[in-house]
Amino acid sequence: MPDDRNIQYIGIRNETDGFMYRVALQNFEGPLDLLLFFIKRDEINIRDIPISRITDQFIEYLDLMEELDLEIASEFILMAGTLMSIKAKMLLPREVSDEEEITEDDPRYELVQSLLEYKRYKEMGEDFREL
């Protein structure tokens with residue numbers, strides 16, 4: 001269940017009939033927070049991220065933000081570019097490994113390391129709030 005403090009409600013007026021409706025958007029602290037949300041929601045192994053699917057979801061979220069005339073932070077656009085770059089590298093032929101752990105040769109390596117570090121800090125912050 002989402003934390004109501006992290007939900008932003010936006011009123012949108014329909015141009016056709018003037019009807020106003022509300023859209024609830026999850027607030028994310030940054031692009032890594034959004035990626036962690038997708039990983040948790042879809043129950044994805046953080047070490048085996050399906051880059052194509054995550055990139056598509058990330059771009060969809062950015063499109064929604066643009067449609068709602070929200071200011072898009074440069075960090076989110078940079079992450080979208082990073083995801084598209086990783087997605088392109090994943091399409092190139094490479095040696096397949098049977099290992100569970102990704103290696104530095106994997107295009108997702110740096111992203112996974114950043115996500116794991118961000119997740120640790122986020123969990124520590126939550127632990128401190130509970131004290």
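Mentor: Let us begin with the whole chain, bearing in mind that this is a predicted model. Of the 131 residues of the protein chain, 32% count as buried, and the secondary structure comes to 4 helices and 2 strands, which follow one another along the sequence in the pattern β-β-α-α-α-α.

Trainee: Among contacts between residues at least 6 apart in sequence, what percentage joins residues at least 24 apart?

Mentor: In the protein chain that share is 50%.

Trainee: What describes two packed helices?

Mentor: The general idea is to give the angle between their axes and the distance between the axes. Here, helix α1 (residues 31-41) packs with helix α3 (residues 74-91) at an angle of about 55 degrees, and their axes are 9 Å apart; the two helices are therefore oblique to each other. The contact brings P31, L32, L34 and L35 of α1 together with E75, F76, M79 and L83 of α3, and its residues divide into 7 nonpolar, no polar and 1 charged.

Trainee: Where does R108 lie, and is R108 buried or exposed?

Mentor: R108 lies in the loop between α3 and α4, and because its relative accessibility is 8%, R108 counts as buried. The side chain of R108 makes polar contacts with the side chain of D48 at 3.1 Å and with the side chain of D106 at 2.8 Å. Leaving aside neighbours within four places in sequence, R108 is in contact with D48, I49, I51, I86, M90, R94 and I102.

Trainee: For α4, what span should its 22 residues have at 1.5 Å a residue?

Mentor: The helix should span 32 Å, and the C-alpha atoms at its ends are 32 Å apart, which agrees.

Trainee: And which residues of α4 are buried?

Mentor: An α-helix has 3.6 residues a turn, so residues three or four places apart point the same way. With that idea in mind, look at the buried residues in α4, which include L111, V112, L115, L116 and Y118.

Conventions
Residues are numbered from 1 along each chain as its sequence is written. This is a predicted model: local features need pLDDT of at least 70, side-chain atom pairs count only at pLDDT 80 or more; totals for chains, interfaces and linings use all residues. Side-chain values use heavy atoms; hydrogens and water are left out. Axes are lines fitted to C-alpha atoms, for helices over the stretch in contact, and angles run from 0 to 180 degrees between N-to-C directions. Angles under 35 degrees count as roughly parallel, over 145 as roughly antiparallel, 65 to 115 as roughly perpendicular and the rest as oblique. Contact means heavy atoms within 4.5 Å. Ala, Val, Leu, Ile, Met, Phe, Trp, Tyr, Cys and Pro count as nonpolar, Asp, Glu, Lys and Arg as charged, and the others, Gly among them, as polar. Buried means under 20% relative accessible area, exposed over 50%, partly exposed in between (1.4 Å probe, protein chains only). A polar contact is a pair of N or O atoms within 3.5 Å; within protein, one must be able to donate a hydrogen and the other to accept it, and residues adjacent in sequence count only if both atoms are side-chain atoms. The expected span of a helix is 1.5 Å times one less than its number of residues.
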